[in-house]
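Here is a short briefing for a first look at a protein model. Keep the structure open beside the text and find each part as you read.

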2 protein chains.
Amino acid sequence: MAHEDHQDIVREIKENMPDADTLFELADFFKVFGDSTRIRIMCALFEKELSVCCIADIVGMEQSTVSHQLRVLRQENLVKVRREGKQSYYSLEDEHIQKIFEMGLEHILE
Amino acid sequence: MAHEDHQDIVREIKENMPDADTLFELADFFKVFGDSTRIRIMCALFEKELSVCCIADIVGMEQSTVSHQLRVLRQENLVKVRREGKQSYYSLEDEHIQKIFEMGLEHILE
DNA sequence: ACAACATATGAATGATTGTTCATATGTTCA
DNA sequence: TGAACATATGAACAATCATTCATATGTTGT
């Protein structure tokens, strides 16, 4: 790391970077997309709002597992809940999700 | 899970879902964005191609750590390398990355 | 109030992963 | 060829995380 303009480049890029907190939050946000169970849950919710047991059936996992993962999605404001009788109906909170999905798909299908 | 049209909904949504392999790949792809070190590396590379030691300086981590993470980014085709003398210069492989970033930022800043 | 159902949550476990240290590989220059 | 530098990689460790089981909470109808 001793060539002529190394320090200049480092300083310049450091200055132009978003602050560390923002990037940390950003990583946390994308972390949610990095699990196939959550991906499948979100994918199912593209169609319509669904109850927890419906989702569990669709993704083929325990109700408990799905509940835990829905909490993760809720904490990152990716889904919202609506109580109706005994059931909780979940739906997507944000229209960015579909676009992020599409871009991911474009990338892996290249 | 015993109300009238539960099974119909489950079947319908299952049919319209992308196949499991694709969604698994998609999760692996987003997993790469789910770490703040990798996020910061990619962010630094938005400006220009950089050598490994430059990146290590910018993100403030060991050269070894950065090398390991660059390998992860390479495996998912997010960066490419160019050897020049003793140094390896990394740059972004794909223009989707910036857009995915922007959408993530839009989400967390809402 | 009680039974039946739907959902949420805490604890425990196994698996995955990010980081570091030590070292190997690759490259240049003398 | 050997020294100096840049990068890559394997092993080890600590930390994080997804899943499951058991159980608690919440809701409806009798």
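The points below cover the contact between the chains, the salt bridges, and then the sheet in each chain.

This is a predicted model. Chain A and chain B bury about 5000 Å² between them. A search over all chains finds 10 salt bridges, and 2 salt bridges are counted between chain A and chain B. Each chain also has an open sheet of 3 strands, described here for chain A and here for chain B.

**The contact between the chains**

- Chain A puts 52 residues into the contact, and chain B puts in 52 residues.
- The size of an interface is often given as the accessible area lost when the parts come together.
- Of the roughly 5000 Å² buried between chain A and chain B, 73% lies on carbon and sulfur atoms.
- Which three residues supply more than any other three of the area that chain A buries against chain B? They are A:Phe30, A:Met103 and A:His107, with 13% of that area.
- The interface of chain A and chain B also holds 10 residue pairs in polar contact, with both residues at pLDDT 80 or more.
- Several elements of chain A supply at least two residues each to the side that touches chain B. They are the helices α1 (6-16), α2 (20-31), α3 (36-45), α4 (52-59) and α6 (96-108), along with strand β3 (87-92).
- Helix α6(A) gives the most to that side of chain A, with 10 residues.
- By class, the side of chain A that touches chain B has 27 nonpolar, 12 polar and 13 charged residues.

**Salt bridges between the chains**

- The side chains of A:Glu12 and B:Lys48 meet in a salt bridge, at 3.5 Å from N to O.
- B:Glu12 forms a salt bridge with A:Lys48, and their closest N and O atoms are 3.5 Å apart.
- Why does the pair of B:Glu12 and A:Lys48 join two chains? B:Glu12 lies in helix α1 (residues 6-16) of chain B, while A:Lys48 lies in the loop between α3 and β1 (50-51) of chain A, so the pair links the two chains.

**The sheet in chain A**

- Strands of a sheet pair through backbone hydrogen bonds, either parallel or antiparallel.
- In chain A, 3 strands form an open sheet in the order β1-β3-β2, with antiparallel pairing.
- Its edge strands are β1 and β2 (79-84) of chain A, and each pairs on one side only.
- β1(A) and β3(A) pair over 2 bridges, in the antiparallel sense.
- A:Leu50 stands opposite A:Tyr90 in β3(A).
- Two helices lie across strands of this sheet. Helix α3(A) lies across β1, β2 and β3 of chain A and runs at about 90° to β3(A). Helix α5 (residues 63-75) of chain A lies across β2 and β3, at about 120° to β2(A).

**The sheet in chain B**

- In chain B, 3 strands make an open sheet with antiparallel pairing, in the order β1-β3-β2.
- β1 (50-51) and β2 (79-84) of chain B are the edge strands, each pairing on one side only.
- Strand β3 (residues 87-92) of chain B runs antiparallel to β1(B), and 2 bridges join them.
- Which residue of β3(B) stands opposite B:Leu50? B:Tyr90 does.
- Helix α3 (residues 36-45) of chain B packs on the sheet and touches β1, β2 and β3 of chain B. Its direction makes about 90° with that of β3(B).
- Helix α5 (residues 63-75) of chain B lies across β2 and β3 of chain B, running at about 120° to β2(B).

Definitions and conventions
Residues numbered from 1 in each chain as written. Chains lettered and ligands numbered in written order. Predicted model: local features only at pLDDT ≥ 70, side-chain atom pairs only at ≥ 80, totals over all residues. Heavy atoms only, no water. Pairing = 2+ DSSP bridges. Helix = DSSP H or I, 4+ residues; strand = E, 2+ residues; numbered from the N terminus. Contact = heavy atoms within 4.5 Å. Axes fitted to C-alpha atoms, helices over the stretch in contact; angles between N-to-C directions. Buried area = accessible area lost by both parts, 1.4 Å probe. Salt bridge = Lys/Arg side-chain N within 4 Å of Asp/Glu carboxyl O. Polar contact = N/O pair within 3.5 Å; in protein donor to acceptor, adjacent residues only side chain to side chain. Nonpolar A, V, L, I, M, F, W, Y, C, P; charged D, E, K, R; others polar.
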